[in-house]
Amino acid sequence: MKNKKMKSQILVFITLFVLIQFGIVVGYQSTPWVAPEKYQNMSNPVGASATSIAAGRALFTKNCQDCHGKRGLGDGTKAPDLKTTPPDMTSSKFQSQSDGSLFYKISEGRNDMPRAKKDLPDDEDRWNLVNYVRTFRK
């Protein structure tokens, strides 16, 4: 009788542990990421020229591709190891964000995504990344 009760308690504990972990992961991924209003209304001061896009491509390949994938689909080699799923940058939801919102998210990072302004302190580099990710289309 005592052994049955102990097994039952262990099963309840394991079930609760799994449910709590699942809730944490779901909550971790589902929190909307909204840029502050200041950034939502910010204009891109760097024109989307061939030079800017080429610079953005080089930076993306070096700093972003491992997680976001070669074509921005969120399927990079490191993506399966992340707690959050990188976005599909070709989606209308992603592309509908303002340039300022993308600049903010690239600059500040969140969760698994590092703060790009740490490794890329020059604002122009991060604007070049914005210009490059704008080239991703389905």
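Mentor: Arg126 and Asp123 both belong to helix α8, where 3 residues, or about one turn of the helix, separate them; helices here are DSSP runs of H or I with at least four residues (strands being runs of E with at least two), numbered from the N terminus. An α-helix has 3.6 residues a turn, so residues three or four places apart point the same way. Arg126 forms a salt bridge with Asp123, their closest N and O atoms lying 2.5 Å apart, where a salt bridge is a side-chain nitrogen of Lys or Arg within 4 Å of a carboxyl oxygen of Asp or Glu. Arg126 counts as buried at 3% relative accessibility, whereas Asp123, at 42%, counts as partly exposed; buried means under 20% relative accessible area, exposed over 50%, and partly exposed in between, with a 1.4 Å probe and protein chains only.

The model is predicted, so local features need pLDDT of at least 70 and side-chain atom pairs count only at pLDDT 80 or more, while totals for chains, interfaces and linings use all residues. Residues are numbered from 1 along each chain as its sequence is written, and side-chain values use heavy atoms, with hydrogens and water left out.

Helix α8 (123–133) is also, together with α4 (65–68), what the buried residues of α3 pack against, contact meaning heavy atoms within 4.5 Å. Those buried residues of α3 are Ser52, Ile53, Gly56, Leu59 and Phe60. They cover an arc of only 125 degrees around the axis, which puts them on the same side of α3, the arc being that of the directions from the helix axis to the C-beta atoms. The face of α3 turned away from this buried side carries Ala50, Thr51 and Lys62, which are exposed.

Because Lys78 lies in the loop between α4 and α5 (92–95) and Asp66 in helix α4, the pair ties together parts that are 12 residues apart in sequence. Both partners are partly exposed, Lys78 at 45% relative accessibility and Asp66 with a relative accessible area of 38%.

Elsewhere, Glu108 and Lys117 form a salt bridge with their closest N and O atoms 2.6 Å apart, and Glu108, Arg115 and Lys117 are linked in a network of salt bridges. A search of the whole structure finds 5 salt bridges.
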